[in-house]
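Dear colleague,

I am passing a structure on to you, and my notes on its aromatic rings follow below. Please read them with the structure open beside you.

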Amino acid sequence: NSAAETILGLTSDQVRRAAPLGPAWKATREDGTPFPEQEYPAWVALNTGERVENIVMEIYSPLLGESRWININAIPQRSPGKKTVQHVFTTFEDITSRKQVETSLQRSERELRSLYESMMEMVALHKVIYDKAGNPTNYEILYCNAAYTQITGLPYDQVIGKLASEVYGTEEAPYLDIFAKVAESGEPYRFETTFSPMQKVFDVSVFSPEKGLFATISEDITEKKRIQTQLEESQRQQLTLLSNLPGMAYRCLNDENWTMEFVSDGCMDITGFLAEELLGNQYRSYASLIHPDDQGMVWDSIQAQISKDEPFQLNYRIVTKNGVEKWVWEQGRAVKSPQGEILALEGLIFDIDQRVKAEQALAESEERFRSYVEHAPVAILIIDETGKYLDVNQTACQMFGYSRDEFLSLNIPDLVYAND
């Protein structure tokens, strides 16, 4: 018929005059091997008298200069009352497009499998097992990648085709309720879990390629969680240490507000503000707490040390939340990126108000004492254990006729007559 003419590229007369599958034609099986002429469906049906159905063959037509895939059925025909096959009725369907799609799908599957095999995460495909009532009871492992066997330590042949409860040695299939829900609804799901049988922690992503099936991509995050736990414990210890410091630890930006990124709880005792009130200038900036007369000095001193890539130390005054003026001592340094960019300043601030005021009081007391000594109506001389004069007042200078500088170069014997 016309369909056969189109598929073979031959007219009806050409088909009748010569066998279409002559030497110039090539017939190939699906596995790529040659298709022997004696195994052509028509010859088999003619010789055996049996129907031959759904035989797939690739035919290269020299007339068309291309190959086509056909699906062949051969049905033997007998004359009434005779057993001998008189002729064979052959039908064939052009399935070239379908084979091209299948080839593309197979290529995609190979590429996808190659991708899965190269992944560091565990990949596995499963089929949910249901009881007669339609309730999920288990799941079968259909596929797993190399990472799965490496991480779990389970050999491939002991996993594929086996039930999950058998593979993992558990009474019930692990996470069956989650997996069955994904397989039935098609809604992907992700969760983190500690899998006790393997003493590992996994980050699991689940999706369903088709109803009744589900695939899992699992990352072993055991080491990551261990490091995270250690880091959290280290941070907890640091915070505990900082919270017990008599001062205030901080991390701030090197900007005009000294914008705080971290402030320890000690800031309450020093400034009167809670840490959250200073963070990010939420309520007040730290710069606004510095005494107006000291703000310029603080900025210039810190910037000078930063420019030399050295730590800074300085004393200055702040005004607390209650309006009290207080002296503080600060030490810190700049934190820089590998490129030299200033990321932040980190340091400590201590309350030195009592010390400074004590020093001021001492200085004032000393000044009063010196004034008293200097203006006393009697001679006052201060001498060390060797007899050297350390200090004298004006009355002593007048009494002995020496200047103060001359006095300080003398000893007691210099003022006593030899006979005495």
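**Aromatic rings and their partners**

Y402 is partly exposed, with a relative accessible area of 30%, where partly exposed covers the range between buried (under 20% relative accessible area) and exposed (over 50%), computed with a 1.4 Å probe on protein chains only. This is a predicted model, in which local features need pLDDT of at least 70 and side-chain atom pairs count only at pLDDT 80 or more, while totals for chains, interfaces and linings use all residues. Residues are numbered from 1 along each chain as its sequence is written, and side-chain values use heavy atoms, leaving out hydrogens and water.

The structure holds 16 aromatic pairs, a pair being rings of Phe, Tyr or Trp (its six-membered ring) with centres within 6.5 Å, called stacked if the planes are under 30 degrees apart, edge-to-face if over 60, and tilted otherwise. Y175 and F195 form a tilted pair, 6.1 Å centre to centre with 45 degrees between the planes. Y175 is partly exposed at 24% relative accessible area, whereas F195, at 9%, counts as buried. Y402 and F407 form an edge-to-face pair, with 5.7 Å between centres and 65 degrees between planes, and F407 is buried at 0% relative accessibility.

Ring pairs also link a cluster whose members include Y139, Y168, Y175 and F195.

Finally, R29 lies over the face of F35, 4.7 Å from the ring centre, and the charged end of K321 sits over the ring of Y283, 5.7 Å from its centre; a charge sits over a ring if NZ of Lys or CZ of Arg is within 6 Å of the ring centre and within 35 degrees of the ring normal.
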